[in-house]
Amino acid sequence: MAPVIALAALWKNQPSLALTAMWLAAIGALISPVLLILDLGRPLMFLNMLRVFKWRSPMSVGAWILSFFSPHAVLGLIALYLDQHHFFSGLAGTLVHIFMFLMVAGAVCYGLGLATYTGVLIGATTIPAWFLHRVLLPIHFGIAGLGSAAAALELLGHRAPALHALGFAVATIETGLWIWLELDKHGAADRALHEGKSGWMIRIGELLSGPLSLGLRFFGLAPFAGLSFLCGALISRFGWMEAGRVSGRDPEAVFASQR
């Protein structure tokens with residue numbers, strides 16, 4: 001989601017914020033393929049996913065989104081850096097401007113998909129705790145990504161009013177999603193989200209990124225609010241993964257979700 005903020009910062013003529021946001025995007029773009037390959041176990045498995053494009057497969061779509069996002073984010077950073085340091089002028093400078101816009105805009109398009117596709121991916125499985133909340137998950141993952149990008153930029157020293165307003169908005173939405181999750185219960189089918197270790201991880205994560213972050217911002221403690229949101233988003237992510245493992249191993253949950 002960092003390129004989304006970068007493009008908005010460019011539009012509002014805040015080049016320093018845009019450059020830092022693109023640094024975040026580029027670092028994430030370089031780390032993400034490595035993490036995906038580690039998850040898959042073998043590098044060739046990632047390359048095999050790129051042999052064909054299956055539009056009905058979230059995994060295939062996600063692999064292609066990541067493949068497009070990474071070069072766009074890195075090249076967008078390079079173009080933005082060259083433009084801000086005035087390495088080129090005249091026609092070359094105009095070309096850099098055009099190239100910069102195309103790369104950042106491309107990173108935004110693919111970044112929006114990359115931030116939400118994990119929620120789509122796990123929601124498309126037969127794991128009860130994930131499948132039953134397939135509508136909530138992409139929203140949660142996208143908002144968590146946007147809030148984390150804004151929080152990281154604030155912790156890096158940017159105090160733009162727009163970032164503060166964005167922090168208010170995402171914390172409010174996360175609070176609403178937490179309430180939604182607490183009300184939208186399905187008994188034994190998704191009890192992994194409300195009981196045990198996974199349930200506590202999700203609750204703590206939502207508390208940190210929702211109500212606590214919102215309260216800290218209300219009292220003007222933006223850096224602490226950003227740190228709270230980042231920690232909450234991370235804990236919540238691990239909580240949802242753990243809930244899926246627990247739910248998949250629970251026969252009663254599987255049977256209850258099929259009734």
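Ser-209 sits in helix H9, residues 196–218 (helices are DSSP runs of H or I, at least four residues, numbered from the N terminus). This is a predicted model, where local features need pLDDT of at least 70, side-chain atom pairs count only at pLDDT 80 or more, and totals for chains, interfaces and linings use all residues. Residues are numbered from 1 along each chain as its sequence is written, and side-chain values use heavy atoms, with hydrogens and water left out.

Let's stay with Ser-209 for a moment: this residue is buried, at 2% relative accessibility (buried means under 20% relative accessible area, with a 1.4 Å probe and protein chains only). Its side chain reaches the backbone oxygen of Gly-205 at 2.9 Å. Beyond its neighbours within four places in sequence, Ser-209 has contacts that include Ala-171, Glu-174 and Phe-229 (contact means heavy atoms within 4.5 Å).

Thr-20, in helix H2 (residues 15–40), is also buried, with a relative accessible area of 18%. The side chains of Thr-20 and His-158 are joined by a polar contact of 2.9 Å (a pair of N or O atoms within 3.5 Å, one able to donate a hydrogen and the other to accept it; residues adjacent in sequence count only if both atoms are side-chain atoms).

Now for the pockets.

| Pocket | Volume |
|---|---|
| Largest pocket | about 1,600 Å³ |
| Second largest pocket | about 170 Å³ |

H2 gives the most to the lining of the largest pocket, with twelve residues. For the second largest pocket, the top contributor is H1, with four residues.

Methods. Helix = DSSP H or I, 4+ residues; strand = E, 2+ residues; numbered from the N terminus. Buried < 20%, exposed > 50% of the residue type's maximum accessible area, 1.4 Å probe, protein only. 1 Å grid on protein atoms, 1.4 Å probe; cavity = no way out; pocket = protein on both sides within 12 Å on 5 of 7 lines; lining within 4 Å. Points joined across faces, edges and corners; volume = space filled by probe spheres on them.
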